[in-house]
Amino acid sequence: MKLKTALCQVDMEWERTAGNLARLEAIVAAPDADVVVLPEMFATGFKLRPSVVAEPTDGLVATTMRRWAERYDRAVAGSVVIAEGGEYRNRMFFVEPSGATRWYDKRHLFRPGGEARDYTPGDRRMVVEYKGWRLLLLVCYDLRFPVWSRNRGDYDAILCCASWADDRREAWRTLIRARAIENQCYMAAVNRVGTDPDGAYAGDSALIDFAGATIADAGEAERTIVAEFDSETLAAYRQRFPAWMDADAFELKQSGSATPRRDRTE
């Protein structure tokens with residue numbers, strides 16, 4: 001099976017939700033793809049004061065994503081500022097053309113920038129099954145925590161949306177490849193470009209294979225890149241180089257910390 005995956009590396013206007021959505025529709029519609037992934041907080045810019053732009057789960061951004069998915073017959077993914085139960089979440093939605101919607105609340109909040117002060121972290125991983133593929137959802141800072149994203153034989157590719165500042169550009173480039181290599185999976189990692197009141201963003205969105213090779217790289221410009229993931233090629237590589245069989249066993253506590261296990265092997 002193959003999966004055409006598009007990364008939309010875009011700029012966005014600060015706090016202009018409706019305007020950003022209007023401009024992004026043509027970008028989402030353009031590529032020939034099964035899945036289109038947008039950056040973290042693509043409709044607003046990265047917000048550390050979420051009350052200004054937060055919306056309910058069925059608000060304008062999520063509703064627009066469902067419309068795009070149905071109209072253009074592709075899954076659409078990206079993160080949104082959500083207000084729920086008196087808390088704020090950095091929520092990554094994955095919306096199918098059928099309207100089926102699943103989401104992942106960002107687990108690791110960017111403490112150096114103040115995100116942990118304003119948002120509530122998620123407490124569960126999310127692996128989405130779509131068109132025969134198992135896709136792990138991650139958001140930005142999650143990339144720095146390999147235990148959380150460890151492949152336990154439960155996914156084939158990672159979809160990661162980010163607003164990753166350009167002063168940590170080399171870390172981004174290194175981590176997206178490291179997560180692909182160590183988990184023997186495809187990586188679809190989309191970052192934004194442009195500037196906002198808090199920083200600048202260099203892009204470097206990339207589609208990477210299970211051995212760490214770059215399939216497509218967006219560079220620093222606003223552009224969309226597309227690549228085809230191939231499940232047969234992935235399976236053959238995992239069989240030929242079965243590093244996953246030698247992984248250290250562990251389980252995750254509810255707190256998110258890892259506890260080693262000695263009663264089984266992976």
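Of the contacts in the protein between residues at least 6 apart in sequence, what percentage join residues at least 24 apart? The share is 64%.

## Overall fold

The model is predicted. Its secondary structure consists of five helices and 16 strands. The C-alpha trace extends over about 50 × 40 × 35 Å along the principal axes. For a chain of 266 residues, a compact globule would have a radius of gyration near 18 Å, and the value of 17 Å for this protein therefore agrees with that expectation.

Of the 266 residues, 54% count as buried.

## Surface and charge

The accessible surface of the protein amounts to about 11400 Å². Carbon and sulfur atoms account for 49% of that surface.

The protein carries 37 positive and 41 negative charges. The mean position of the positive charges and that of the negative charges are 2 Å apart.

## Aromatic pairs

A pair of aromatic rings is described by the distance of the centres and the angle of the planes. The protein has 11 aromatic pairs. In one of them, the ring centres of Phe 93 and Trp 103 are 5.9 Å apart and the planes stand at 70°, so the pair is edge-to-face. Phe 93 belongs to strand E4 (residues 87–95) and Trp 103 to strand E5 (residues 101–105), so this pair ties together parts that are 10 residues apart in sequence. Phe 93 has a relative accessibility of 1% and therefore counts as buried.

## Aromatic cluster

Which residues form one aromatic cluster? They are Trp 133, Tyr 186, Phe 210, Phe 229, Tyr 237 and Phe 241.

## Backbone with positive phi

Most residues other than glycine have a negative phi. Glu 15 is not a glycine, yet its phi is positive, at about 65°. Glu 15 is located in the loop between strand E1 (2–9) and helix H1 (17–29). Its relative accessible area is 32%, so Glu 15 is partly exposed.

Met 41 is not a glycine either, and has a positive phi of about 50°. Met 41 is found in the loop between strand E2 (35–37) and helix H2 (60–72). Is Met 41 buried or exposed? With a relative accessible area of 1%, Met 41 is buried.

## Ala 178 in helix H4

Ala 178 lies in helix H4, which covers residues 169–183. Its relative accessible area is 22%, so Ala 178 counts as partly exposed. How far apart in space are Ala 178 and Arg 144, C-alpha to C-alpha? The distance is 9.9 Å, with the two residues 34 apart in sequence.

Key. Residues are numbered from 1 along each chain as its sequence is written. This is a predicted model: local features need pLDDT of at least 70, side-chain atom pairs count only at pLDDT 80 or more; totals for chains, interfaces and linings use all residues. Side-chain values use heavy atoms; hydrogens and water are left out. Helices (H or I, at least four residues) and strands (E, at least two) are DSSP runs, numbered from the N terminus. The radius of gyration is taken over C-alpha atoms; the globule rule is 2.2 Å times the number of residues to the power 0.38. Buried means under 20% relative accessible area, exposed over 50%, partly exposed in between (1.4 Å probe, protein chains only). Contact means heavy atoms within 4.5 Å. Accessible areas come from the Shrake-Rupley method with a 1.4 Å probe; for residues, only the protein chains shown count as cover. Lys and Arg count as positive and Asp and Glu as negative; His and the chain ends are not counted. The place of a charge is taken as NZ of Lys, CZ of Arg, CG of Asp or CD of Glu. Rings of Phe, Tyr and Trp (its six-membered ring) pair if their centres lie within 6.5 Å; planes under 30 degrees apart count as stacked, over 60 as edge-to-face and the rest as tilted.
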